[in-house]
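Visitor: Could you walk me through this one? I'm new to reading structures.
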Amino acid sequence: MQKNQLYKGSLSTIVLKLLNDKGKMYGYQITREVEKITAGQLKITEGALYPTLHKLEAKGLLSVEIKKVNNRSRKYYFLTENGKKETVNLLNEMKAFIQNMDVLLNPKLA
Amino acid sequence: MNRTVSKKETQYLFEFCRRHYVYHYDLQVELVDHLASAIEKQWEIDSELTFENALLNSFRKFGIHGFSKIKEQKQKELRKKYNRLLWKYLLEFFGWPKIVMTFAFTIVLATLFKIVGNDLWILVPYFGSMTIFLFYYYYRIFPSKFKVSKVKGKKFMLLDRLKDTQFMIIFFTQIPFQAFHFWNILKLSSIQNTAGILTVSLLIVVITIGIYGELFYVPQKIKEHFREQFPEFAL
């Protein structure tokens, strides 16, 4: 979907924000949760989600824990201390971006 | 009670990952759980759906690249992770008070160069023995210390990529040898002025510290990360 292109650059922020709110989450749960919150408007593809999770993990923003669930191992992601700080920064950046876009798209005529 | 993926089906999913060129357990675990969760979600709606069809539906969502893009990206991110760890180590090492040690080694080495006169008497034995040690380390010490090839019959990307990074250091130590050729071109048989001696000494000390970090610090950190993630496979 074309509109998903707009979200591509924000995927890290979306993932970090979700983990900030929900605590520990696994990959499939993240895709479902995004779909649920946005009422199906936004779908994160598997091919985009996992590289983002692995990137954030390699950067030390996420940590991992493995638990046994239904005969299989499940990898849970959660924010590290650095991850929490980065989430605050990214959310502030995102809010400023949205405000600027709003001003650009809805210019107040004098 | 909703139908769940059985143990046998889970094993099949691991086999499915292998057939799609995902050989590392650390990545397989995640993909198997994702596929299994997606299959179970479909069974919540249609419990009569066969396992095979549900799997196909779930796999289709990974797009035309399947697992390959995820695998490549993870390898790339791991390389970056090792580099970040090495930089962290170097920054720590070159911070106060360890930096004093670096300069002390540099001065000792520079004095040696002055006393010996012919630089090759120091450079050749040093980098020669370093290369021999690196081969010994790569083929003997590293495999016995880190058992990267297989842990309890499973391969891990986190460890496997580390082995490749370590091999690169052998090439890295060849840089000073190439520098000799450069000096020869310039027809300089020895490094004559004090600034030159100090620069070369510092370069050798920094390279040695970097190699030490790559061989011992980075693997140790990776080992700790591995132990945190996979305690049942603790090395």
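Visitor: How many helices and strands does chain B have?
Guide: Chain B has nine helices and zero strands. Helices (H or I, at least four residues) and strands (E, at least two) are DSSP runs, numbered from the N terminus. This is a predicted model, where local features need pLDDT of at least 70, side-chain atom pairs count only at pLDDT 80 or more, and totals for chains, interfaces and linings use all residues. Residues are numbered from 1 along each chain as its sequence is written, and chains are lettered from A and ligands numbered from 1 in the order in which they are written.

Visitor: What share of chain B is buried?
Guide: Of its 235 residues, 26% are buried. A residue is buried if 20 or more other C-beta atoms lie within 10 Å of its own, exposed if 12 or fewer, and partly exposed in between, with C-beta atoms placed from the backbone.

Visitor: Which residues are buried in helix 3 of chain A?
Guide: In helix 3 (residues 27–37) of chain A they are A:Gly27, A:Tyr28, A:Ile30, A:Thr31 and A:Val34.

Visitor: Why do they line one face?
Guide: Seen down the axis of helix 3 of chain A, the buried residues fall within an arc of 165 degrees, so they line one face. The arc is that of the directions from the helix axis to the C-beta atoms.

Visitor: And the sheet, what order do its strands take?
Guide: The three strands of the open sheet in chain A run in the order 1-3-2, with antiparallel pairing. Two strands pair if DSSP finds at least two bridges between them. Strand 2 (62–69) of chain A is at an edge with a single partner strand, so one side has no neighbour in the sheet.

Visitor: How many bridges join strands 2 and 3 of chain A?
Guide: Eight bridges. A:Lys67 has A:Arg74, in strand 3 of chain A, as its bridge partner.
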